[in-house]
Amino acid sequence: MPGPVSLTKGRRPPGKPDTRRRLVVIGNGMAGARAVEEILARGGAEQFTITMFGDEPYGNYNRIMLSHVLSGEESDADIFLNSLHWYQDNNITLHAGVRVERIDRFTKYVFANNGHVVPYDVLIIATGSQSFMPPMDGLYTPSGSIKPGVFTFRTIDDTRNMVEHAQYEDHYRAVVIGGGLLGLEAARGLQSHGIEVDVVHSGAHLMNAQMGPDGGAILRRSVEALGIRVHTGSRTTAVLGADRVTGVRLRDRPDIACDMVVVAAGIRPNVDLAVLSGLHVERATVVDDQLRVVDEDSIYAVGECVQHRGEVYGLVAPLWEQAAVLADHVTGADTTAAYLGSRTATKLKVAGVEVASMGLTGPERETDEHIVFSEPSRGVFKSIVIRDNKMVGATLLGDSRKVAYLTQAFDKGLPLPEERISLMFDLGGPAEEQGVAELSDDAQVCNCNGVSKKSLVDVVRGGCNTVAGAMDATRAGKGCGSCKLLVKQVVEWAADGSVEEDPAASYYVPGIPLDKASLMAAIRKQGLRSVSAVFAALAPGSAEDAKSKMGLASLMKMMLADQYIDERDARFINDRVHANIQRDGTFSVVPQMKGGVTSVQQLRRIADVAEKHNIPLIKLTGGQRIDLLGVPKEDLPQVWADLDMPSGYAYGKSFRTVKTCVGKDFCRYGTGDSTKLGIEIESQFQGIEAPAKLKLAVSGCPRNCAESLVKDVGVVAVEGGRWEIYVGGAAGAHIRKGDLLASVDDPEKVKVLTGRFMQYYRENANWLERTYSFVPRVGIDHIRAVVVDDAQGLAAGLDAAMQASVDSYVDPWTERDDPLTPGQFRTSLPLTVLPQVPVR
Amino acid sequence: MNAGYNLGPVDQVPFGEGRAFGVDGVQVAVFRLRDGSLRALSAVCPHKGGPIADGTIDQDLVLCPLHQNAFRLDTGCSTTGAEPLTSYDVQTDNHQNIILRMSAW
């Protein structure tokens, strides 16, 4: 272990007296460091010289993430919140690995175990807590140290030691004492090192502090399903083994043999220093609403070592709140700030199971309402306790989708809907609806265009009371579009019921007053073949509309295939030059690379072209393609000619790429040839238009390295030669796991269903509606009935329409030698250099 | 009367599209509407510098391709809250050349 470290920097030159007060912080954990951060944020560096003492020889790290370090998901380097440099940069003197042993509160000095004596004007105690060691025999060796093989789970060193011990080849089995949050995390983490784990819990059910017996029973099922044995209502009386752990003895059950014991039976506040120094200590160091230690003027305390209004907290959220109030007082930024206690809500993934818990775990009074939903087979449990129409407690297990709303209802005491069941489930309605009124004025509604709630409200108050009008006037919702629902809610709320029915809401494109089905019918009936013909025949006053052009062009190409008369002005610039416009007006070029597979020749050619054209940035895309960025428009034809490869479709509202994993040729786990299937799908459907972009993936096994579950269409090979097809997934502006469309035993069937689904989407989705919106809107059951079961007899038609599109495919890059319009590739930026996309 | 700048044959701008020209040190986007008439605006979007000549147009508006700010083709005024573009007088002469006048005429 490294020795104590002391860091100082930025001492003032001699002769200039430092008039700042001296702030000393005892404890360098999450509470101590957070308090200092809050103080610095309030200009504390001007007021104080800061000295910190930390027991551990490190900077400051996120203790909550230790379970991830144990399981190997994160390295210990990843969990540091502030490295040693942070202390230097902020002129903080850090004594790491040094323990303060005594405070003289009269002369205002602290005494450290390395001989340091440091004066203070203001002192903060943030000594935290330590693992509680329940009494049991055999815990200690005769020399008084803890028996080798017994661990607590509190610090980074504890965690490293556990990992080391678990990795010994002859260590197979562990017993975790404690079935709370930490114990279950430890159990799950140890499993990832191939250790068999038993959990011994003295309570009658798991996590009894956070949930009632019914939830505990379901959690137990989920935990046992992971292969962790659970012994509840049982106490460990002894650790067995002479000089190393060989097992544990239980009070009323047979011994359990094991090679290691992890004690996670709760925490105890560290109060020795406070007691020794004569401070007011009960269960922990007692503080008032200013976080000042009772009867002390210059001593504050924060975090798990603190008792406030009788409560001791072992969670991080109260600590953040305390640190902010403390900093307000210490710096004088807000001397009226008061900490009034925290309502604790936890939302965690415990051993892979989502757990959220707040307030009461069950009803306490006769008039309390208790709503419970239990589905043990899926590991789902939801319980809500309501008193006087306010939520006073909730437990969610295995499904925490409603947790944001419930937390808000719990924190703010919001009135509850009469239909209580909507507290637990989204019944078609939007989940965040309740929050609009509570949003602050400056809350950003549209993150792309930086539109606040207030600007939307102002537009509505100014007389614009349609959703589309407000969106036009502010450009809210005109970026990625993921905020449209929220924009609609804000406008409706601001208009206070007088929101005008927006007739255009159902139009496929704004300039033609028809929904998609009627528009398609009218185009067919009148035999319209070009966008200008549609405007002339169907638009009010025959007026063309710029905002409608691209949508109409895409729709008509889909409907008419090679019968479509392609008018170039109806295309967006990307589709006019077959490349993606970038912020500086240059374009990015992506050669086709089916399934993400390339070759020496292709790589060499791309490299040569990049070199020849001085491509400023070469970047891999999220879809496993090579992106050549920063190509001026006028260079596009030559770049294509030099590449002599087909277009990779990284620009349009169209089928783009199929991401694949390596599949079964090389991967040890692959069960299906995902690469081959991905290439075939990409070859078949390249370039077809759609209402929005389509991104696909094929994974060769359920490890899902190609991330198929979050694709518009994602295919996963599973054991037994079967393929699962998921649709409607997304991992962009929205995150959504796709719905299972079908499971088939033949790659050919995958291609048929993929094409048929995409055609159904092409014919029925709204313009710019991604599949992650389309699939839930239409419903996976309905889509499955149409696409898989052919319940409406549409399948043959869908297949034929898709085939027509496939057959009419022409690589757009063949236009390079013969521009379709005069000046198709002429620069639109003739004179000055605009802001450049930064090049790394 | 200012004779204006001759930007060459109108055919270099396709119907329904725009093309950019450098005129006396200024970037100008010239649009040829589908009815054959011409419009001219300053070529750089005041919002984030987008190339206006690459925008999508109809008889009244041009949409900047970067962030879809909309500008009136006749006045340059924005309908989406952006600063206005400068509009210029533009027409064809008897030889079907584009004649642009940069200032008051």
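How many salt bridges does the rule find across the interface of chain B and chain A?

1. The rule finds 4 salt bridges across that interface of chain B and chain A, a salt bridge being a side-chain nitrogen of Lys or Arg within 4 Å of a carboxyl oxygen of Asp or Glu. Asp569(A) forms a salt bridge with Arg34(B), with 2.5 Å between the closest N and O atoms. Over all chains the count comes to 48 salt bridges.

2. On conventions: this is a predicted model, in which local features need pLDDT of at least 70 and side-chain atom pairs count only at pLDDT 80 or more, while totals for chains, interfaces and linings use all residues. Residues are numbered from 1 along each chain as its sequence is written, chains are lettered from A and ligands numbered from 1 in the order in which they are written, and side-chain values use heavy atoms, with hydrogens and water left out.

3. In the interface, 34 residues of chain B are in contact with 35 residues of chain A (contact means heavy atoms within 4.5 Å). About 2800 Å² is buried between chain B and chain A, and carbon and sulfur atoms give 51% of this area; buried area is the accessible area (1.4 Å probe) that two parts lose on being put together, summed over both. Gln27(B), Arg34(B) and Asp54(B) supply 22% of the area that chain B buries against chain A, more than any other three residues.

4. Helices here are DSSP runs (H or I, at least four residues), numbered from the N terminus. Axes are lines fitted to C-alpha atoms over the stretch in contact, and angles run from 0 to 180 degrees between N-to-C directions. Helix 11 (residues 453–461) of chain A packs against helix 13 (residues 484–495) of chain A at about 50°, the axes being 9 Å apart. Helix 11 of chain A is therefore oblique to helix 13 of chain A (angles under 35 degrees count as roughly parallel, over 145 as roughly antiparallel, 65 to 115 as roughly perpendicular and the rest as oblique). By class, this contact of helix 11 of chain A with helix 13 of chain A has 9 nonpolar, no polar and 2 charged residues; Ala, Val, Leu, Ile, Met, Phe, Trp, Tyr, Cys and Pro count as nonpolar, Asp, Glu, Lys and Arg as charged, and the others, Gly among them, as polar.

5. Helix 12 (residues 467–474) of chain A also meets helix 13 of chain A: their axes come within 9 Å and cross at roughly 110°. That makes helix 12 of chain A roughly perpendicular to helix 13 of chain A. Val467(A), Ala470(A) and Met471(A) of helix 12 meet residues of helix 13 including Val487(A) and Val491(A).

Methods: Helices (H or I, at least four residues) and strands (E, at least two) are DSSP runs, numbered from the N terminus.
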